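Please look through the structure shown here with this briefing beside it. The points below are grouped by topic, for a reader who meets the structure for the first time.

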Amino acid sequence: MKMNPAPEASPLSQSFAQQLYVQGLMAQYRTALVTYAERLLQDRHLAEDIVQEAFIRAWHHAERLRTGDGSVRNWLLKVTRNLVIDRTRSAAVRYESVMEEFQDLPEPDHTDEVLASQEALTLLRGLSSEHREVLVYMCLYGFTVRETARRLGIPSGTVKSRQHYALNNLRRRLGLLSAHQPPTGSAAG
């Protein structure tokens, strides 16, 4: 009796076998490959993209990887490294070409910033020198009440009072105080 050779696997079953094989590889090597790529790229999301591409290539070469003599792990590391190199090189080229396109663009307009700083200076000039001095130390330099008091040689309570009246004055001049709130005088010194 003559034996028929085993039927060859259909393309559908080969594809399923490749898929199972690559899923096994992903389960085994994904974390290590992402860590490796992230260390090279300093970018977690880009590293995950690179590793995904490496597994797509593994899927395309699944038959050769299953029957090959070499280490699958080393092959995946090498592919990942090459993809990182390719991505880095292409990113540098893309950056250069994009920058060339933007060289003809006009510089951003800083008019609003200049106007805002002029308005701020005008508002500050409208304060007494004592109030302005407290705001400069506390708001611009970031000093605490205690540090400001020590710098100016005045009690902490006076610093708090000057800050309070200075901010109320600025709010009133900006129209930020509600109409029902009585205006504060500059009784504190």
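In which helix do glutamate 48 and arginine 44 both lie, and how many residues apart are they? Both belong to helix α2, where they lie four residues apart, about one turn of the helix; helices here are DSSP runs of H or I with at least four residues, numbered from the N terminus. The model is a predicted one, in which local features need pLDDT of at least 70 and side-chain atom pairs count only at pLDDT 80 or more, while totals for chains, interfaces and linings use all residues. Residues are numbered from 1 along each chain as its sequence is written, and side-chain values use heavy atoms, with hydrogens and water left out.

**Salt bridges**

- The count comes to three salt bridges, a salt bridge being a side-chain nitrogen of Lys or Arg within 4 Å of a carboxyl oxygen of Asp or Glu.
- Arginine 44 takes part in a salt bridge with glutamate 38, with the closest N and O atoms 3.1 Å apart, and its side chain also meets that of glutamate 48 in a salt bridge of 3.2 Å, N to O.
- Glutamate 38 is partly exposed at a relative accessible area of 27%, as arginine 44 is at 37% and glutamate 48 at 26%, where partly exposed lies between buried (under 20% relative accessible area) and exposed (over 50%), with a 1.4 Å probe and protein chains only.
- Glutamate 53 and arginine 57 form a salt bridge with the closest N and O atoms 3.2 Å apart, and these two residues of helix α2 are separated by about one helical turn because they are four residues apart.

**Nonpolar cores**

- The largest nonpolar core has 19 residues, of which Tyr29, Phe55 and Leu76 touch the most other members; such a core is a set of buried Ala, Val, Leu, Ile, Met, Phe, Trp, Tyr and Cys residues joined through side-chain atoms within 4.5 Å.
- Two or more residues of this core come from each of α1 (11–41), α2 (44–60) and α4 (72–101).
- Another core, of eight residues, lies apart from it and includes Tyr137, Met138, Ala149 and Ile154.

**Aromatic rings**

- The structure holds three aromatic pairs, meaning rings of Phe, Tyr and Trp (its six-membered ring) whose centres lie within 6.5 Å.
- Tyrosine 137 and phenylalanine 143 form a stacked pair, 5.6 Å centre to centre with 20 degrees between the planes, where planes under 30 degrees apart count as stacked, over 60 as edge-to-face and the rest as tilted.
- Tyr137, Tyr141 and Phe143 form one aromatic cluster.
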